[in-house]
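Work through these exercises with the structure open. Each task is followed by its solution.

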Amino acid sequence: MSIPELTDVHPAWLPPEAFRAIGSRRTLVQADGPLADTVREEVAQAAARYGGSLTDAGPSDLVLTLSEAEGADGYAISLRDGVTTVAGGDPAGLLYGFFHAVRLGEAAFEGERPVEHHRPAMRRRMLDHWDNIDVHPVMGQVERGYAGGSIFWAGGALRADLTRVRAYARLLAASGVNAVAINNVNVHATEAHLLTDRLGEVAAIAAEFRPYGIRVHLSVNFASPIQLGGLATADPLEEEVRRWWAETTEHVYATIPDFGGYVVKADSEGQPGPFAYGRTHADGANMLAEALAPFGGVVHWRAFVYNHRQDWRDRSTDRARAAYDHFAPLDGRFLDNAILQVKHGPMDFQPREPVSPVILQMQGTRLAVELQVTQEYTGQQRHVCYLAPMWSEVLAFEDVAEAGDLVAVSNVGDDRFWTGHPLAQANLYAFGRLAWDPGLDPAAILDEWMDLTFARPGEPLRRTLHAMMDGSWRTYERYTAPLGVGFMVRPGHHYGPDVDGYEYTPWGTYHFADRDGVGVDRTRATGTGFTGQYPEPWSDIYESLETCPDELLLFFHHVPYGHVLQSGSTVIQHIYDTHFAGAEEVAESRLLWEKLAGSGAVAPDVYARVRELLDEQLRCAEEWRDQVNAYFFRKSGVPDAHGRHIP
């Protein structure tokens with residue numbers, strides 16, 4: 001194989017300079033097989049560029065070898081007597097260990113380093129692409145994609161040149177990702193055929209991911225036996241349906257022996273599912289799990305199931321309850337290779353949500369926690385919003401990180417910078433690193449990304465990026481929806497403010513603001529009872545106004561505007577203060593970036609793209625500030641205590 005080099009695409013966190021330390025030394029690779037060949041080719045290319053060598057024997061500065069003691073995907077790294085040794089528990093571990101040495105750079109070869117053992121916390125570290133083959137009339141080619149078209153398909157067909165897919169696989173492996181679902185969970189008519197007569201396209205994509213140890217998964221339509229097989233039913237308990245899935249899956253594995261499995265969105269937002277036949281989601285998931293089991297495959301069954309035809313007048317119906325209500329009664333009834341994929345919060349990737357009670361309560365079911373790298377509700381890759389601090393909080397909450405797989409919706413497209421906003425690359429990198437080790441410090445991950453992407457930048461750039469990015473998630477939270485209430489976005493595309501945009505719709509995403517107060521009563525005492533889905537002590541913490549965290553207050557409670565927060569501020573003053581502060585923080589970030597102009601600290605194209613997007617972020621943040629503040633001033637009639645202008 002050859003290492004992909006794309007001169008017209010940004011190298012992200014794997015520029016040639018990142019390989020200087022390894023490429024200038026003598027390296028011995030003691031392993032065989034396809035992944036070992038990938039490592040060998042990586043070393044050879046780096047050595048050809050920087051004057052080192054790939055040796056077969058003799059003195060070496062770096063030894064890459066295998067040791068079963070490290071376990072699957074794991075590796076150990078040490079430095080003794082001038083020789084750095086990376087020992088992979090298997091070929092995949094060797095690959096991850098090699099990229100760890102790349103991250104360390106010169107530090108991998110300096111001084112002495114006792115043996116360090118590195119093993120992934122998550123067995124499956126997976127990205128879901130919401131790519132379509134055909135351009136959808138509403139959602140485009142990549143649903144909730146903000147970085148151009150698909151890297152897999154163009155013009156209704158598989159791309160003729162898949163070099164960029166290979167380069168993407170390399171980036172993912174360097175961050176620790178080992179699985180990718182390549183198509184949209186909303187499986188439309190054309191994409192359904194990837195399971196059968198267009199399976200060759202999946203095989204071609206899998207061939208590009210394989211050299212970097214990444215398994216391909218496929219989103220499938222639950223009604224495929226009808227759509228593709230000509231059956232009259234998709235009932236998961238019908239023998240002919242089960243036979244169709246078994247035979248189809250056998251053909252998939254005959255074509256792609258290392259195929260990962262299926263992803264399913266069923267009975268959700270118009271997608272077909274087992275409810276049509278009076279069956280449970282366990283029935284549907286287990287049918288597919290049985291078809292996949294002989295080949296070692298898994299089915300990721302999404303728990304994003306709720307009523308999207310809700311009557312906004314009915315305050316007893318609560319979308320936040322839906323996943324738990326549907327799935328908790330099924331705990332323990334899913335097969336071992338059926339993985340329930342649960343969004344990290346009970347709603348839909350908002351800037352602030354509590355952790356989903358499904359994750360905390362379903363102890364008898366294999367779970368995958370789902371995050372969203374694509375910034376659907378956090379600025380759509382037009383705003384700087386480093387998400388690792390949010391994810392870190394989620395993963396640290398009540399051992400969420402021990403739930404099982406970690407999955408995220410990818411933010412990649414065919415844009416030159418991969419993610420549209422060059423700084424949004426940090427979110428993709430951080431996902432892989434946190435999936436490997438949820439205990440990593442988000443600021444340290446950002447340093448890793450900077451060191452690789454900007455070739456160990458000088459202190460001015462490092463300080464600037466930390467100042468812009470470390471707190472950017474909280475900055476975004478400040479100038480958008482307050483205190484965990486969520487969803488004050490424009491319907492449809494979800495960009496920019498529209499405080500009442502979803503307030504009288506069937507989607508179940510309400511804030512219930514009136515002249516007296518704001519927030520959703522989800523208490524057991526007087527509301528929807530959602531707090532009761534949590535285990536102790538959280539059910540009582542969220543139930544009580546005295547103990548509910550400020551940042552989630554309006555998610556769980558409807559309160560007067562004069563309610564005093566734990567911070568000492570009233571709700572209405574908090575809304576004013578945070579929205580003014582958030583916009584000011586964006587303005588400060590723009591000024592910091594402008595100081596880099598002409599410094600040579602970043603490439604001109606990177607500087608220009610970020611500068612352009614910061615202009616848009618500031619415009620949008622000011623619009624958020626003014627719309628939200630004006631809305632609540634007009635609702636409450638309470639003036640800003642500091643006398644600032646509110647339109």
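**Exercise 1.** Which residues in helix 2 meet which residues in helix 3?

*Solution.* Note before starting that this model is predicted. Begin with helix 2, residues 34-50. Its contact residues are Leu35, Ala36, Thr38, Val39, Glu42 and Val43. Now turn to helix 3, residues 91-104. Here the partners are Pro91, Ala92, Leu94, Leu95, Phe98 and Phe99. Sort the contact of helix 2 with helix 3 by class: 10 nonpolar, 1 polar and 1 charged residues.

**Exercise 2.** Find how helix 2 and helix 3 are oriented to each other.

*Solution.* Take the axes of helix 2 and helix 3: they come within 8 Å and cross at roughly 25°. Angles under 35 degrees count as roughly parallel. Helix 2 and helix 3 are therefore roughly parallel to each other.

**Exercise 3.** Describe the crossing of helix 16 and helix 19.

*Solution.* Locate helix 16 at residues 472-479 and helix 19 at residues 571-594. Their axes come within 7 Å and cross at roughly 135°. Next, list the contacts. Helix 16 brings Thr475, Arg478 and Tyr479. Helix 19 brings Thr578, His579, Gly582, Ala583, Glu585 and Val586. By class, the residues of this contact divide into 3 nonpolar, 4 polar and 2 charged.

**Exercise 4.** How many helices and strands does the protein chain have, and how compact is it?

*Solution.* Count 20 helices and 20 strands. The radius of gyration is 25 Å, close to the 26 Å that the globule rule gives for 647 residues, so the chain is as compact as a globular protein of that length. Buried residues make up 62% of the 647.

Methods. Residues numbered from 1 in each chain as written. Predicted model: local features only at pLDDT ≥ 70, side-chain atom pairs only at ≥ 80, totals over all residues. Heavy atoms only, no water. Axes fitted to C-alpha atoms, helices over the stretch in contact; angles between N-to-C directions. Helix = DSSP H or I, 4+ residues; strand = E, 2+ residues; numbered from the N terminus. Left-handed = near helix turned anticlockwise from the far one by under 90°. Contact = heavy atoms within 4.5 Å. Nonpolar A, V, L, I, M, F, W, Y, C, P; charged D, E, K, R; others polar. Parallel < 35°, antiparallel > 145°, perpendicular 65-115°, else oblique. Rg over C-alpha atoms; globule rule 2.2 N^0.38 Å. Buried < 20%, exposed > 50% of the residue type's maximum accessible area, 1.4 Å probe, protein only.
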